[in-house]
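Reader: I would like to learn how to read a model of this kind, one feature at a time. Could we begin with a single residue and then go on to sheets and helices?

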Amino acid sequence: MPDFIRIHPGDNVVVALRDIPAGTAFEGTAAKEDIPLGHKMAILSVEEGEAVVKYGFSIGHATAPITAGEWVHTHNMATNLSGEMEYTYTPHLQFPDPVKPKTFRGYRRPDGKVGVRNEIWIIPTVGCVNDVAKALVRENQYLVQGTVDGLYTFPHPFGCSQTGEDHAQTRKLLAALARHPNAGAVLVLSLGCENLTREQFLAELGEYDPERIKFLTCQEVSDEIETGGKLLKECAAYAAGFQREEIPASELVIGIKCGGSDGLSGITANPVVGRFSDLLCAQGGSTVLTEVPEMFGAEGFLLDRCVNEEVFHKAVDMINGFKAYFIRHHEVVYDNPSPGNKAGGITTLEDKSCGCVQKGGSTPIMDVIGYGDPVISKGLNMLYGPGNDLVSATALTAAGAHIILFTTGRGTPFGAPAPTMKLATNTPLAEKKSGWIDFNAGVVADGLRTLDESAADLIEKVLSVASGEQTCAERKGYREISIFKDGVVL
């Protein structure tokens, strides 16, 4: 197993691929102190104020003189980011050579869409009925049989006492979930006096199949559990009519996300996902990249890949709009990374962002979509959403992601409504938390697989999950949503 990796020939730091004791050498430079897994060591002297370079990109500057062999982290470097940035469109487009798509076994819906699960979802329109929804799930598990893969609900605290954009976002997000093709049938559960009225929901939902989507307003019936059970039986009868069939991978939409990142995220799991994205796009499929605040400082890796100037301006508006959101709330735009990120070796936002955007691979960005909007363009898409794991994973599901690839160096157990695959950046995590981790990209750091080999392994794993193999989070029943909020609660 190698000790360090120099990601780019122009870097003046290397990254430890294991816990390195003082005295360990890399190309003639010996570590002057212990270097933890995922952390940086200088291989050249860096003067105070001079750039620290990783990924071939400045990830900050030295706050004190650094000599070769020293540990480089928060004690001797800081971010270069401050204020607003100007962006210029200088396109550099690398279209993948098309290849024949692989196949998986999914569910073809009457509208032509495809699901990788055939579940019944209960969508509460307001937090007041969360426990009713949970009771309906508990008491009707007998409906999960045959081709019906599961019965789930997604509690949330909203749908009432919200105003303006928040109310609109809740309405839009819940309607998008109701349209998700992984749900063979849906019960929309309301209270009856909430701000999010049935009329509003129907207007947001648009045209729908009344055999697939049922509605229950609890205040209008004497026994909501009994009535809900009858409606769920109708949902199950409808969903039971679907069978898995061979479907090309060109129909897949895969969300890509990271959380609990460490110093190996940008070296193993994220670039593996990036190569996976390139492979799927070459087969005619779609991927979705979000976490706008974790693009700050690494925009240059993305903006020049926008397929045209219109998409470029949408991307710039998305990034600047998120910065304005921070400023409007009197928050520091670049107050990142988290304590866990720092413990894992990430020092500045540029360091984190340069690793984060590796998930986007190298193909052109075909579209930029808003929160709650569906993916309509084949290829790589960017989605407006925060870095928060639950909020962004929910947004990816609402955008139509069949499966979410979630890379992590620290580990996390949660699951979104869409099957959420956890990819470890390092083998110790994969071994320690085998009940959380679905795929170990740490084998790249171990020297056992190349990035391309690991990406090829990953696409086979994704096709298996799309065909019905459950993720760790699914097996544990871990599924939840979190809705983006930015305003007043009445």
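Author: Let us start with phenylalanine 26, which touches Phe4, Arg6, Val14, Met41 and Ile43, not counting residues up to four places away in sequence; contact here means heavy atoms within 4.5 Å. This is a predicted model, in which local features need pLDDT of at least 70 and side-chain atom pairs count only at pLDDT 80 or more, while totals for chains, interfaces and linings use all residues. Residues are numbered from 1 along each chain as its sequence is written, and side-chain values use heavy atoms, with hydrogens and water left out.

Reader: Is phenylalanine 26 buried or exposed?

Author: The word buried stands for under 20% relative accessible area, exposed for over 50%, and partly exposed for what lies in between, with a 1.4 Å probe and protein chains only. Phenylalanine 26 has a relative accessible area of 14%, so it is buried. This residue lies in strand E3 (residues 25-26); helices (H or I, at least four residues) and strands (E, at least two) are DSSP runs, numbered from the N terminus. Between the C-alpha atoms of phenylalanine 26 and valine 462, which are 436 residues apart along the chain, the separation is 36 Å.

Reader: How should I read a sheet, and in which order do the strands of the open sheet of 4 strands come?

Author: Strands of a sheet pair through backbone hydrogen bonds, either parallel or antiparallel. For two strands to count as paired, DSSP must find at least two bridges between them. In this model, the open sheet of 4 strands has the order E1-E2-E5-E8, and its pairing is antiparallel. Strand E1 (4-5) and strand E8 (71-72) are at the edges with a single partner strand each, so one side of each has no neighbour in the sheet. Within this sheet, strand E2 (residues 13-16) and strand E5 (residues 40-42) run antiparallel and are joined by 3 bridges, and valine 13 stands opposite alanine 42 in E5.

Reader: What is the order of the open sheet that 3 strands form?

Author: Those 3 strands come in the order E6-E7-E9, with antiparallel pairing. Strand E6 (51-54) and strand E9 (77-78) are the edge strands, each pairing on one side only. E6 and E7 are joined by 3 bridges and run antiparallel, with serine 58 in E7 as the bridge partner of valine 53. The two strands form a hairpin that has 2 residues between them, and tyrosine 55 in the turn has a positive phi of about 60°. On the other pairing, strand E7 (residues 57-62) meets E9 in the antiparallel sense over 2 bridges, where alanine 62 stands opposite methionine 77 and histidine 61 has alanine 78 as its bridge partner.

Reader: Which helix lies across E6 and E7?

Author: To read such an angle, note that axes are lines fitted to C-alpha atoms, for helices over the stretch in contact, and that angles run from 0 to 180 degrees between N-to-C directions. The element in question is helix H9 (residues 349-356), which lies across E6 and E7 and runs at about 165° to E7. In H9, 8 of the 8 residues are buried, so this helix is largely enclosed by the rest of the structure; among them are Leu349, Lys352 and Cys356.

Reader: At what angle do H2 and H10 pack?

Author: Angles under 35 degrees count as roughly parallel, over 145 as roughly antiparallel, 65 to 115 as roughly perpendicular, and the rest as oblique. Helix H2 (residues 164-178) packs against helix H10 (residues 389-398) at an angle of about 55°, with their axes 8 Å apart, which means that H2 is oblique to H10. Leu173, Ala176 and Leu177 in H2 meet Thr394, Thr397 and Ala398 in H10.

Reader: How many residues of each class does the contact of H2 with H10 have?

Author: For this sorting, Ala, Val, Leu, Ile, Met, Phe, Trp, Tyr, Cys and Pro count as nonpolar, Asp, Glu, Lys and Arg as charged, and the others, Gly among them, as polar. The contact of H2 with H10 has 4 nonpolar, 2 polar and no charged residues.
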